[in-house]
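Visitor: I have a model open and would like to learn how to read it. Where do we begin?

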Amino acid sequence: MRQPGGAVPRHIAIVMDGNGRWATRRFLPRVAGHRQGVESLRRCVQACLDRGVQVLTVFAFSSENWDRPQDEVSGLMSLMVSVLAKEVAPLKTNGVQLRFVGALDALSEKVRNGLQQAERDTAGNRRLVLNICFNYGGRWDIAQAARRVAASGQEITEASLNAAMALAHVPDPDLVIRTGGEFRISNFLLWQSAYSEFVFSDKLWPDFDPQALDEAIAAYGKRERRFGKTSEQVVGRQPA
Ligand code: IPE
Ligand code: IPE
Ligand code: MG
C-alpha cells in the first residue's frame, strides 16, 4: 500500500528487462517472454491510470538490440505490429496518448506506418502519455538533438538541446524503474534521468505486477529529492 503522504510520481520510466530469462526458465522461446511482457505492460498502464500517473515511458527496443539473433529481432518487430492492431482501440478508450520515441526512420515501412497510425489515433488523449522507446538510445537522442540545434543555427545550450530532445513533450522522469535484477542504465534516458530517483527490482518484467509498482512508488515517496541543495533548504528548515 502507498504510504500516507507519499507522492505519486508524475512521470515513471521503466527499463522492462527480463523477458528472455522469464521464457528460458519455462523452456519457451525468448519471443514468448516478450509476448508475456506485453501483458505485463498492459497491466502496468492500467495501474498507472488508476494511480493518476501522468506519463509512463517504457524501453521496448534499444539501439543495441539489433545485435540480437535475427529471429528475435524480427519476432519483436512483428509483435509490435500485432500488439498495435489489438491494443490501440482500448488505449484510445482509456484516454492514453501513444508516442513512439526513437530512430523510427530505420524501421521497416510496415512497422513505421503502424506506429504513426497509432500516434494519430490517440493524439487527442490527455489522461496518460505512454512513450514507447523503440529503436531508442540515450546517445542517439543527444546526438540527434545536437544535430537539429546546429542545423537551426541556434547556440548549443542546455535549454536548446533540451527542447530538441525526443522527450521534450513531457517533464523529466521522477522515477526510473529497472526490472530484471541488473543495475545499469543500458543507454536509456541519459539526459532526462539527471535527477530521477532509481528503483531496481529483481522481478523479471513479465512478473512485475501492480504490487511491485506500488512498492517502487512507496520507495520513491520516501526519497528526499535535493537537486543539489541541502536537506535543510529542501524541507524549508534553517540549517542548525
Ligand atoms: C527486455 O527483456 C526486452 C528487450 C530488450 C526487447 P530481455 O529480452 O532483455 O530479457 P533478458 O534480459 O534476456 O532476460
Ligand atoms: C535494455 O535491456 C533494453 C530494453 C529493455 C529494451 P537489455 O537487455 O538490452 O540491456 P543489457 O544488454 O542487459 O544491458
Ligand atoms: Mg535484458
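**Reading the ligand sites**

Guide: Begin at ligand 2, where one of its oxygen atoms lies 3.0 Å from a polar side-chain atom of N65. Keep in mind that this is a predicted model.

Visitor: How much of ligand 2 does the protein bury?

Guide: Taken alone, ligand 2 exposes 390 Å², and the protein buries 78% of that. The residues that surround ligand 2 include V15, M16, D17, F59, A60 and F61. R178 and S186 are also among them.

Visitor: Now ligand 1. Which residues come nearest?

Guide: D17, G20, R21, R30 and R68 come nearest, out of 13 residues around ligand 1.

Visitor: What polar atoms face its oxygens?

Guide: Look at side chain and backbone separately. From the side chain of D17, an N or O atom is 2.8 Å from an oxygen atom of ligand 1. R68 places a polar side-chain atom 2.7 Å from a ligand 1 oxygen. G18 uses its backbone: an N or O atom there lies 3.3 Å from an oxygen atom of ligand 1. Taken alone, ligand 1 exposes 380 Å², of which the protein buries 87%.

Visitor: R68 has come up with both ligands. What does H34 touch around there?

Guide: Leaving aside neighbours within four places in sequence, H34 is in contact with N19, R68, E72, L76 and L79. The side chains of H34 and N19 are joined by a polar contact of 3.1 Å. H34 lies in helix α2.

Visitor: Why does H34 count as buried?

Guide: Buried means under 20% relative accessible area. H34 counts as buried because its relative accessibility is 8%.

Visitor: And T122, what is its relative accessible area?

Guide: T122 has a relative accessible area of 0%, so T122 is buried. T122 lies in helix α4, residues 109-122. Not counting residues up to four places away in sequence, T122 touches V88, K92, V96, Q97 and L98.

Visitor: V96 is on that list. What stands opposite V96 in β4?

Guide: L128 does. V96 opens strand β3, residues 96-101, which runs parallel to β4 with six bridges between them. Strand β2, residues 55-62, also runs parallel to β4, joined by seven bridges. There, V58 has I132 as its bridge partner.

Visitor: How should I think about side chains on a strand?

Guide: In a regular strand, side chains alternate between the two faces of the sheet. For β4, residues 128-136, check the cover: nine of its nine residues are buried.

Visitor: And on a helix?

Guide: An α-helix has 3.6 residues a turn, so residues three or four places apart point the same way. Now take α7. Its buried residues are A212, L213, D214, A216, I217, A218 and Y220. They pack against β1, α2, β5 and β6.

Note on methods: Residues are numbered from 1 along each chain as its sequence is written. Chains are lettered from A and ligands numbered from 1 in the order in which they are written. This is a predicted model: local features need pLDDT of at least 70, side-chain atom pairs count only at pLDDT 80 or more; totals for chains, interfaces and linings use all residues. Side-chain values use heavy atoms; hydrogens and water are left out. Buried means under 20% relative accessible area, exposed over 50%, partly exposed in between (1.4 Å probe, protein chains only). Helices (H or I, at least four residues) and strands (E, at least two) are DSSP runs, numbered from the N terminus. Two strands pair if DSSP finds at least two bridges between them. Contact means heavy atoms within 4.5 Å. A residue is near a molecule or strand if one of its heavy atoms lies within 4 Å of it. A polar contact is a pair of N or O atoms within 3.5 Å; within protein, one must be able to donate a hydrogen and the other to accept it, and residues adjacent in sequence count only if both atoms are side-chain atoms. Accessible areas come from the Shrake-Rupley method with a 1.4 Å probe; for residues, only the protein chains shown count as cover.
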